[in-house]
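Take the sequence and the model below and follow them together, one feature at a time. The walk goes from open spaces to rings, then to strands.

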Amino acid sequence: MRLPQRASLALALLSSMASAQQVPDGYPAGYAELIRAAEKEGAVTIYSSTDSKSVAGVLQAFQARYPKIKVEFVDQSSNEVYTRFTSEFAAGQGTGDLAWGGADTAVKLIEDGIAAEYTSPETRGLRPGANYKNAAYSITYEPIVMIYNKRLLPAADVPKTRQDLTRVLTEKRELYRGKIGTYDVERSAAGVGFLGEDSRAFPDTAWPLFKAMAQADLKFFTSNGTMVERVASGEIALAYNLAAANVAERLKTDSTIGMIVPCDYTLYLTRTAVISKKAKHPNAAKVFLDYLLSKEGQQKLADKSIGSIRTDVQNNPVLERPSECKNERALMPSPERLVVFDPVWRGGFLKQWKTVLQAK
């Protein structure tokens with residue numbers, strides 16, 4: 001009986017040493033225990049509005065570092081992430097482990113009492129505001145941009161600011177009629193988030209632009225990817241208010257598209273993650289979140305042109321703003337983000353939006 005006991009002790013010691021070797025530098029000594037608990041759970045389930053193709057590199061790197069933790073990644077819209085988490089939580093049978101969507105979704109999950117508190121050891125490496133209540137963590141920092149077809153938009157008409165775009169569309173309306181696109185705010189959470197933020201934070205700039213776009217027979221889309229394809233094909237000449245990640249990645253191989261980081265002000269999307277209080281694999285969720293926030297994980301995202309929430313990671317240079325440009329407005333997790341769930345604000349915005357569209 002003594003030999004099996006010794007073998008068992010040896011295996012336990014080897015397992016402990018393996019977990020200790022996986023603990024990143026600067027992490028608390030007890031983190032090895034968290035890793036062992038995560039490996040015992042054996043899986044982590046992520047509901048995300050960040051598409052799996054864009055994050056394949058970071059998922060593969062995590063799997064290589066923690067081969068005993070299977071990653072189950074579910075592509076969904078931000079609305080679907082919120083709805084699925086809340087419905088599973090209400091059912092009381094356990095939920096997915098980590099919700100990774102917009103900052104507004106993350107803050108709402110905190111306010112609903114669904115998000116768990118967790119102090120990540122990577123907090124110190126993040127931009128200010130990226131950690132909200134030790135429950136919501138911004139994973140990305142992505143400019144919201146304009147893109148255009150270089151064959152259809154001459155250099156003289158390429159706008160640096162929203163005011164430039166308003167002027168071009170006012171002076172050359174017929175030339176660009178039916179050639180401008182943006183999100184459909186009635187069908188897209190991103191549309192409400194980005195265009196709604198324009199209208200709230202910079203109304204004197206936003207509403208004249210919205211009017212000029214409407215008078216040029218604005219086209220509507222529900223996804224970033226579709227707008228990129230329509231600009232590349234020449235169906236539209238310019239698309240307004242896209243998250244930069246897949247655009248910047250496309251620029252590596254497609255010379256027909258140009259990207260503009262607006263110089264009057266730039267909105268920044270921060271895709272934000274929370275862990276559920278009823279997560280089926282809470283320890284694995286913590287380990288996965290920490291890896292996403294780590295310098296290694298963030299560099300994997302940056303390698304696919306997804307802007308890093310850290311300042312010590314090398315981003316794609318096309319995501320940088322010229323030094324003379326003005327405001328950066330980051331959509332970080334905060335109570336302010338709850339405005340998109342406010343029926344009074346949302347109703348007022350949609351009413352004014354429809355009024356502008358009808359006044360052609």
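The largest pocket of this predicted model holds about 1100 Å³ of space. Its lining is made up of 49 residues, and the closest of them to the pocket centre are Ser49, Tyr183, Ala190, Asn224 and Arg271. Several helices take part in this lining: α4 (78–91), α5 (103–111), α7 (189–201), α9 (224–233) and α10 (245–251) are the elements that each give two or more residues. Helix α7 supplies the largest share, with 8 residues. Sorted by class, the lining of the largest pocket has 20 polar, 15 nonpolar and 14 charged residues.

The second largest pocket has a volume of about 160 Å³. It is lined by 14 residues, of which Pro24, Tyr27, Glu122, Tyr291 and Ser294 are the closest to the centre. The largest share comes from α11, which contributes 3 residues. By class, the lining of the second largest pocket divides into 7 charged, 6 nonpolar and 1 polar residue.

Next come the aromatic rings. A pair of such rings is described by two things, the distance between the centres and the angle between the planes. In this model the count comes to 16 aromatic pairs. One of them joins Tyr47 and Phe85: the ring centres are 5.6 Å apart and the planes stand at 85°, and because an angle over 60 degrees counts as edge-to-face, this pair belongs to that type. Tyr47 lies in strand β1 (residues 43–48) and Phe85 in helix α4, so the pair ties together parts that are 38 residues apart in sequence. Are the two partners buried or exposed? Tyr47 has a relative accessibility of 3% and therefore counts as buried, since the limit is under 20%. Phe85 is buried too, with a relative accessible area of 0%.

Another pair is formed by Phe73 and Trp100. Their ring centres are 6.3 Å apart and their planes are at 85°, so this pair is edge-to-face. Phe73 belongs to strand β2 (residues 70–75) and Trp100 to strand β3 (residues 98–101), so the pair links parts that are 27 residues apart in sequence. Phe73 has a relative accessible area of 17% and is buried. Trp100, at 0% relative accessibility, counts as buried.

Aromatic residues can also be followed as a group. Trp207, Phe210, Phe220, Trp345, Phe349 and Trp353 form one aromatic cluster. Elsewhere a charged side chain lies over a ring: Arg127 is over the face of Tyr141, at 4.0 Å from the ring centre. Lys278 lies over the face of Phe89, at 4.2 Å from the ring centre.

Now turn to the strands. Strand β7 (residues 180–183) pairs with strand β9 (residues 238–243); the two run parallel and are joined by 2 bridges. In this pairing, Gly181 has Ala239 of β9 as its bridge partner. Strand β7 also pairs with strand β8 (residues 219–221), in the parallel sense, over 3 bridges. Here Gly181 stands opposite Lys219 in β8.

Strand β12 (residues 272–275) also has two pairings to follow. With β3 it pairs in the antiparallel sense over 4 bridges, and the bridge partner of Leu98 in β12 is Ile275. With strand β5 (residues 136–138) the strand β12 is again antiparallel, joined by 3 bridges. In that pairing, Tyr137 stands opposite Ala273 of β12.

Which way do the side chains of β12 point? In a regular strand the side chains alternate between the two faces of the sheet. In β12, Thr272 and Val274 point one way, while Ala273 and Ile275 point the other way. All of these residues are buried.

A last stop is Pro203, whose place is in helix α8 (residues 203–215). Pro203 and Gly307 are 104 residues apart along the chain, and their C-alpha atoms are separated by 27 Å.

How values were computed. Residues are numbered from 1 along each chain as its sequence is written. This is a predicted model: local features need pLDDT of at least 70, side-chain atom pairs count only at pLDDT 80 or more; totals for chains, interfaces and linings use all residues. Side-chain values use heavy atoms; hydrogens and water are left out. On a 1 Å grid over the protein atoms alone, a cavity is a set of points where a 1.4 Å probe fits but cannot get out, and a pocket is an open set with protein on both sides within 12 Å along at least five of seven lines; lining residues have an atom within 4 Å of a point. Grid points are joined across faces, edges and corners, and a volume is the space filled by probe spheres set on the points. Ala, Val, Leu, Ile, Met, Phe, Trp, Tyr, Cys and Pro count as nonpolar, Asp, Glu, Lys and Arg as charged, and the others, Gly among them, as polar. Rings of Phe, Tyr and Trp (its six-membered ring) pair if their centres lie within 6.5 Å; planes under 30 degrees apart count as stacked, over 60 as edge-to-face and the rest as tilted. Buried means under 20% relative accessible area, exposed over 50%, partly exposed in between (1.4 Å probe, protein chains only). A charge sits over a ring if NZ of Lys or CZ of Arg is within 6 Å of the ring centre and within 35 degrees of the ring normal. Two strands pair if DSSP finds at least two bridges between them.
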